[in-house]
Structure formats: C-alpha cells, structure tokens
Amino acid sequence: MGAIACANVLSDIYAVGVTDIDALQMIVGISTQLTEDERDIIVPMLIEGFKAQASVAGVNISKVAVKLNPWMTIGGVVTSVCSSEEFVMPNQAQPGDVIILTKPLGTQMSVTIRSWLKNEEKLSFLKSIKVDSAMLKQCVNSAITLMATINKKAAILMKKYNAHACTDVTGYGLTGHATNLVKYQTNSVNFMIHTLPILYPLGVIASRPGTRFYQNVNRGHGIETSGGLFICLPEDHAKDFIKEMNGLAWIIGKVTPGDRSVIIKDSPDIFHVTLIR
C-alpha cells in the first residue's frame with residue numbers, strides 16, 4: 001500500500017513529463033481505530049513501502065508528516081522546479097496523433113473482486129463463465145504490481161517522442177480523465193477510443209449482465225488506482241515508443257478534428273492483458 005501510494009503521488013508530475021524531482025513529502029493519517037500494537041506493525045510497513053518506491057524513482061523523501069485520523073490515509077506532495085522546456089504542456093493534441101495507454105485497465109476492479117474468492121455464489125458464477133480462482137488470483141497480483149509501478153519510464157519516453165498531451169488515469173477512470181484533458185486542448189479535437197487493454201479475466205466478467213461491473217471497465221468507466229499515462233503523440237513515433245516500453249503500452253485511439261469530446265466506439269475492441277511474472 002505504501003509503494004502504491006508513492007507511485008500514485010509521483011504520477012501527477014510524470015504526467016507532464018517531469019522526472020527530476022526536488023522534493024517529496026509523505027503524509028500519513030493513522031487511524032484512531034487501530035490498537036497500539038496494530039499501529040506499531042502497520043505504519044512502519046506503509047512508510048517503508050513508500051520509501052522503497054521513492055528510492056526506485058531516485059527521489060529522497062524530504063519530510064514525513066504523521067497525524068491521527070478517523071481512518072487510515074496515505075499520500076504525499078511532490079515538487080519540481082523546472083523551466084518551461086522541461087515539461088510537456090498537456091493541451092497541444094493534434095489531429096492525427098495516436099492515443100497510447102501505458103497500463104491496462106482494471107486495477108480497482110481487481111481489488112474489489114478479490115473478495116469473490118471467499119464467496120461460493122460468486123465462485124459458482126465465475127465457473128459458469130469459465131473463470132477459475134487461479135486466474136483471479138493472478139489478476140489481483142498483476143494489479144498490485146501495476147499499481148506499485150512508477151510511470152517514470154513512460155514520462156521520459158513521451159518527451160523523447162514529442163508527446164502533445166498527457167494525463168494519468170486514476171480515480172475518474174479512463175473516460176473521466178480523457179474528458180478533462182480534451183476540453184482544455186488548444187485545437188478543436190476529439191479523442192476517439194477504439195481499443196481498451198484490460199487485465200484478464202476482468203473484461204470477460206464485466207461483459208456479463210448481472211454484476212456490478214457490467215459495462216463498466218469495458219466501457220472505460222471503471223475507477224483506477226495508480227493507473228498508466230494516457231498520451232497523445234505523433235503516429236510515426238508510436239511504434240518506437242511502444243518498443244521502448246517493452247510492449248507494455250497500447251494504441252487505444254486517435255485524435256481527430258472535433259468539438260473536444262471523448263467518443264468511445266460502441267463496442268470497443270477488448271485486449272485481454274496477462275502479465276507473466
């Protein structure tokens with residue numbers, strides 16, 4: 001959880017292509033509902049996870065602020081002092097750009113659906129659609145790995161390949177963050193989404209009526225935690241970008257002339273993603 005929180009905090013600054021970070025402050029709210037013994041075990045683990053992921057990013061934590069809180073929270077503040085040449089203005093998407101996503105969707109859904117592993121009725125439903133518990137466990141582990149993975153490499157590459165706009169995909173889901181991004185573009189453009197990479201087997205589950213996830217993540221509406229970068233960059237650079245990401249990035253759409261709207265294909269192509277660890 002600490003590592004995921006760190007990755008999520010850093011993602012905001014990576015989304016504008018900034019990778020040289022001057023200060024990172026960690027903020028921890030310790031739940032008043034925890035016993036003293038629980039605090040002594042849980043809080044050091046959260047702090048250690050946050051610090052470990054900051055080290056991966058090459059960032060020193062300048063301050064750790066710890067306060068009592070009704071519920072457990074963890075987050076932070078990241079700061080970089082840079083010139084205008086050192087970051088990517090997120091409002092220059094051009095017609096003809098392709099849209100790339102650097103992490104598959106389904107992180108939050110996988111965490112929620114983890115409880116199904118202890119529910120016989122849900123397990124029976126999964127069996128009926130040919131999804132077994134082993135698949136689900138692998139999916140959950142993949143989601144945890146993805147959420148804790150920092151977006152630094154994608155931020156470096158999006159500058160290298162002249163990205164015109166970017167946002168990270170988190171609490172508003174892919175559609176929400178794309179909508180926020182497109183309405184501030186200098187050019188009158190639309191984001192046309194035709195493909196959604198989704199952790200397997202979440203796309204299969206979400207395609208079935210009768211679950212709370214029906215037509216959710218497979219329509220780009222699912223909430224994400226510490227998701228990937230949603231990047232608009234020239235089409236002729238996309239292949240090299242994806243190659244340098246070791247294939248862990250997908251073309252999901254195109255920038256077209258329009259009225260600053262996000263348009264998702266009626267039946268988007270679902271690319272089922274399985275991470276091998």
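Predicted model: local features only at pLDDT ≥ 70, side-chain atom pairs only at ≥ 80, totals over all residues.
Where they meet, 15 residues from domain 1 and 19 residues from domain 2 take part in the contact.

**Stop 1: the interface**

How much area is buried between domain 1 and domain 2? The value is about 1,300 Å², and carbon and sulfur atoms give 63% of this area. The size of an interface is often given in just this way, as the accessible area lost when the parts come together.

Now select Ile-4, Tyr-14 and Ala-15 and show their side chains. These are the residues of domain 1 that lose the most area to domain 2, and together they make up 39% of what that side buries.

Next, look for pairs that cross the interface. The search between domain 1 and domain 2 finds zero salt bridges, but it does find five residue pairs in polar contact. To see which elements carry the domain 1 side, select helix H1 (2-14) and helix H2 (36-56), the elements that each give two or more residues to it. H1 gives the most, with eight residues. Color this side by class and you will find nine nonpolar, five polar and one charged residues.

**Stop 2: an annotated stretch**

Select residues 94-264. UniProt, in an unreviewed entry, labels this stretch "domain: PurM-like C-terminal".

**Stop 3**

Zoom in on helix H4, residues 120-128. At its start, a side-chain oxygen of Asn-119 comes to within 2.9 Å of the backbone nitrogen of Glu-121. Then move past the other end: Lys-130 follows H4 and has a positive phi, near 65 degrees.

**Stop 4: a salt bridge**

How many salt bridges does a search of the whole structure find? There are three. Side chains of opposite charge can pair when their charged atoms come close. For an example, select Glu-244 and Lys-160, whose side chains meet in a salt bridge with an N to O distance of 2.6 Å. This pair links distant parts of the chain: Glu-244 belongs to helix H9 (residues 235-244) and Lys-160 to helix H6 (residues 152-160), with the two residues 84 apart.

**Stop 5**

Before the last selections, a reminder: most residues other than glycine have a negative phi, and most peptide bonds are trans.

First select Tyr-200 and Pro-201. A cis peptide bond joins them, with omega about 10 degrees. Pro-201 sits in the loop between strand S6 (189-199) and helix H8 (202-206).

Finish at Asn-246, in the loop between H9 and strand S8 (250-257). What is the phi of Asn-246? The angle is positive, near 60 degrees, in a residue other than glycine.

Methods: Residues numbered from 1 in each chain as written. Heavy atoms only, no water. Contact = heavy atoms within 4.5 Å. Buried area = accessible area lost by both parts, 1.4 Å probe. Salt bridge = Lys/Arg side-chain N within 4 Å of Asp/Glu carboxyl O. Polar contact = N/O pair within 3.5 Å; in protein donor to acceptor, adjacent residues only side chain to side chain. Helix = DSSP H or I, 4+ residues; strand = E, 2+ residues; numbered from the N terminus. Nonpolar A, V, L, I, M, F, W, Y, C, P; charged D, E, K, R; others polar. UniProt positions renumbered as here; feature names shortened; annotations may be inferred.
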